Structures are given as structure tokens and as C-alpha cells.
Amino acid sequence: QVQLVESGGGLVQPGGSLRLSCAASGFTFSSYRMRWYRQAPGKVREFAASINTAGGSTYSDNSVKGRFTISRDNAKNTVYLQMNSLKPDDTAVYYCNVIIRGTDYWGQGTQVTVSS
């Protein structure tokens with residue numbers, strides 16, 4: 001019954017901003033670390049950012065850091081990814097993830113396209 005539903009993706013010009021949302025249900029949201037991954041065309045899925053139960057964040061080693069901000073609203077069972085200064089290389093399907101009792105759960109993904 002775990003469900004993750006991403007939204008907020010779309011077409012944006014280079015330098016623009018976008019905020020992704022992941023609505024979670026079917027588990028005690030506040031008790032779990034939440035993660036964002038992304039998968040660019042022709043590439044493997046890669047980690048982008050995560051946030052722990054206390055609100056502490058972790059980012060990938062690539063260009064994500066400094067431009068992306070992950071946050072969560074436990075009252076709304078939602079995790080966000082604020083993306084600024086977007087680049088064409090950020091074009092990817094973005095996925096929400098949670099690991100519960102050793103099992104990975106994924107949303108359906110939301111497409112982000114950065115292009116002029």
C-alpha cells in the first residue's frame with residue numbers, strides 16, 4: 001500500500017527553476033529517510049538528494065549540490081526538491097524513493113526537460 005506520487009516536472013529554460021513534489025502514503029512518513037533520484041536519457045538512475053527524519057539533507061557529488069534543495073513537510077506527507085539554475089544536463093526523469101524494511105519503493109517519476 002506504499003505509494004509515492006511525483007509531480008511538478010515540465011519544460012523549463014536553462015537558468016530557470018522548478019519545484020518537484022512527492023506525495024507519500026501507506027506508511028509513517030515522518031519515520032523514514034526520503035530520497036530523490038534521477039535518470040537521464042541513456043543513463044543509469046543516479047542518486048540526487050536525501051533528507052533524514054530530522055530534516056538533515058545530503059546531496060550527490062555532482063552539480064546538484066549548490067543548486068538543489070531537498071525539504072520535507074511531515075504534516076503533508078510530502079518531500080520536495082527545489083531546483084534552481086537548471087542546466088540541460090539536469091534533463092531526466094526524477095523519482096522519489098523510500099526504503100522500508102529493506103524494500104525499495106519508487107514513484108512513477110516526473111519528467112524534467114531543460115531546453116531553450
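**Close-up 1. Ring pairs join Tyr37, Phe47, Tyr95 and Trp106 into a cluster.** This view, like the others, shows a predicted model. Five aromatic pairs occur in the structure. In one of them, Tyr37 meets Phe47: the ring centres are 5.6 Å apart and the planes stand at 75 degrees, so the pair is edge-to-face. Tyr37 belongs to strand 4 (residues 34-39) and Phe47 to strand 5 (residues 46-51), so this pair ties together parts that are ten residues apart in sequence. Phe47 is partly exposed, at 24% relative accessibility.

**Close-up 2. Tyr95 and Trp106 form an edge-to-face pair.** Their ring centres lie 6.4 Å apart. Their planes are at 90 degrees, so the arrangement counts as edge-to-face. The pair links distant parts of the chain, with Tyr95 in strand 9 (residues 92-100) and Trp106 in strand 10 (residues 103-106).

**Close-up 3. Arg35 is a buried residue of strand 4.** Its relative accessible area is 17%, so Arg35 counts as buried. Which residues does Arg35 touch, leaving aside those up to four places away in sequence? They are Phe47, Ala49, Ser50, Tyr95, Cys96, Asn97, Val98 and Ile99. Ala49 is 14 residues away from Arg35 along the chain. The C-alpha atoms of Arg35 and Ala49 are separated by 5.7 Å.

**Close-up 4. Cys22 and Cys96 form a disulfide.** A disulfide is a covalent bond between the sulfur atoms of two cysteines. The structure holds one. The sulfur atoms of Cys22 and Cys96 are 2.1 Å apart. The torsion about their S-S bond is about -85 degrees, so the disulfide is left-handed. Cys22 lies in strand 3 (residues 18-25) and Cys96 in strand 9, so the pair links distant parts of the chain, 74 residues apart. Both cysteines are buried. Cys96 is also one of the residues that Arg35 touches.

**Overview. The protein has eleven strands and zero helices.** Along the sequence, the pattern reads β-β-β-β-β-β-β-β-β-β-β. The radius of gyration is 13 Å, close to the 13 Å that the globule rule gives for 116 residues, so the protein is as compact as a globular protein of that length. Along the principal axes, the C-alpha atoms fill a box of roughly 40 × 25 × 25 Å. Of the 116 residues, 40% are buried. What share of contacts between residues at least 6 apart in sequence joins residues at least 24 apart? The share is 53%. The accessible surface comes to about 6000 Å². Carbon and sulfur atoms account for 44% of that surface.

Technical notes. Residues numbered from 1 in each chain as written. Predicted model: local features only at pLDDT ≥ 70, side-chain atom pairs only at ≥ 80, totals over all residues. Heavy atoms only, no water. Phe/Tyr/Trp six-rings, centres within 6.5 Å; stacked < 30°, edge-to-face > 60°. Helix = DSSP H or I, 4+ residues; strand = E, 2+ residues; numbered from the N terminus. Buried < 20%, exposed > 50% of the residue type's maximum accessible area, 1.4 Å probe, protein only. Rg over C-alpha atoms; globule rule 2.2 N^0.38 Å. Contact = heavy atoms within 4.5 Å. Areas by Shrake-Rupley, 256 points an atom, 1.4 Å probe, with all protein chains shown as cover. Disulfide = S-S within 2.5 Å.
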